[in-house]
Amino acid sequence: MAIKRNIKVLIGTAILSCFIGASVYAATVTPNKFPLTPIHEPEFYGSPSSSIASAVALPASSATFSTSGTVPPLLNKDGKTIYERYGNTEKQAEGIMKNIEKQLQDQGLSLKDVIYLRVYVTPDAALQGKFDYTGWFNAYAKFFNTKENPTKPARSTVGVAGLVSADWLIEIEAVAAYPIPHNQD
């Protein structure tokens, strides 16, 4: 009877050892999902020559602020064309970025805290119905990756058929991260 019990214990121990050994082996060959060092502030990844980040990592305790789709401000309500009322894509984008900057300031943030932009661009009739990505990129370059604001947020730019108003050529959403007070070496 004691021999049967000892054999069962031995077999159980062998099986348990196999499971533990397999777990240890799997842990050593599986890459860690978390950074090797703690992140204390947003970290931007990508090519130094690119005007945007390819990715952004945030500390686990980060709080973010997201704007809804922000649309261009009305420049001239009596304007006869969309360009007189709102401007071209570049002018509309500049107005939107100033509006987003104000929204951020109201939250104690700035454009330096922006980590992500999602941009919707519509076809421009003045450009034979093509998307004015260049106009958007020119406006972006006035606010990001500059001497005053070296931040290069991650960004998506999407061409869409239309926005709520036919006068709007662009709409922008922004995500900013609140700074975390810390003592980083």
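Me: Before we start, what am I looking at?
Reply: This is a predicted model, where local features need pLDDT of at least 70, side-chain atom pairs count only at pLDDT 80 or more, and totals for chains, interfaces and linings use all residues. Residues are numbered from 1 along each chain as its sequence is written, and side-chain values use heavy atoms, with hydrogens and water left out.

Me: OK, what span should helix H3 have, and what does the model give?
Reply: H3 covers residues 89–106, and at 1.5 Å a residue its 18 residues should span 26 Å. The end C-alpha atoms are 26 Å apart, which agrees. The expected span here is 1.5 Å times one less than the number of residues. Helices are DSSP runs of H or I with at least four residues, strands are E runs with at least two, and both are numbered from the N terminus.

Me: Which H3 residues are buried?
Reply: Thr 89, Gln 92, Ala 93, Glu 94, Gly 95, Ile 96, Met 97, Ile 100 and Leu 104. Buried means under 20% relative accessible area, exposed is over 50%, and partly exposed is in between, using a 1.4 Å probe and protein chains only.

Me: And what do they pack against?
Reply: Strands S3 (64–66), S4 (114–121), S5 (123–124) and S8 (170–177), plus helix H4 (133–140). Contact means heavy atoms within 4.5 Å.

Me: What comes after H3?
Reply: Gly 108 follows, and its phi is positive, near 80°.

Me: Switching to H4, what's buried there?
Reply: Gly 135, Trp 136, Ala 139 and Tyr 140 are. They cover an arc of only 135° around the axis, which puts them on the same side of H4. That arc is taken over the directions from the helix axis to the C-beta atoms.

Me: Now Glu 90: what does it touch?
Reply: Leaving out residues up to four places away in sequence, Glu 90 touches Asp 132, Gly 135, Asn 138, Ala 139 and Lys 142. Glu 90 itself is in H3. Its C-alpha atom is separated by 8.9 Å from that of Tyr 133, 43 residues apart along the chain.

Me: How many salt bridges are there?
Reply: Five, counting a side-chain nitrogen of Lys or Arg within 4 Å of a carboxyl oxygen of Asp or Glu. One of them pairs Arg 85 with Asp 167, with the closest N and O atoms 2.7 Å apart. Arg 85 is in helix H2 (residues 82–85) and Asp 167 in the loop between S7 and S8, 82 residues apart. Both are buried.

Me: What about Glu 94?
Reply: Glu 94 forms a salt bridge with Lys 142, and the closest N and O atoms are 2.2 Å apart. Glu 94 lies in H3 and Lys 142 in the loop between H4 and S7, so the pair ties together parts 48 residues apart in sequence. Glu 94 is buried at 13% relative accessible area, while Lys 142 is partly exposed at 48%. Glu 90, Glu 94 and Lys 142 are linked in a salt-bridge network.

Me: Last one: is Thr 67 buried or exposed?
Reply: Buried, with a relative accessible area of 8%. Thr 67 is in the loop between S3 and H2.
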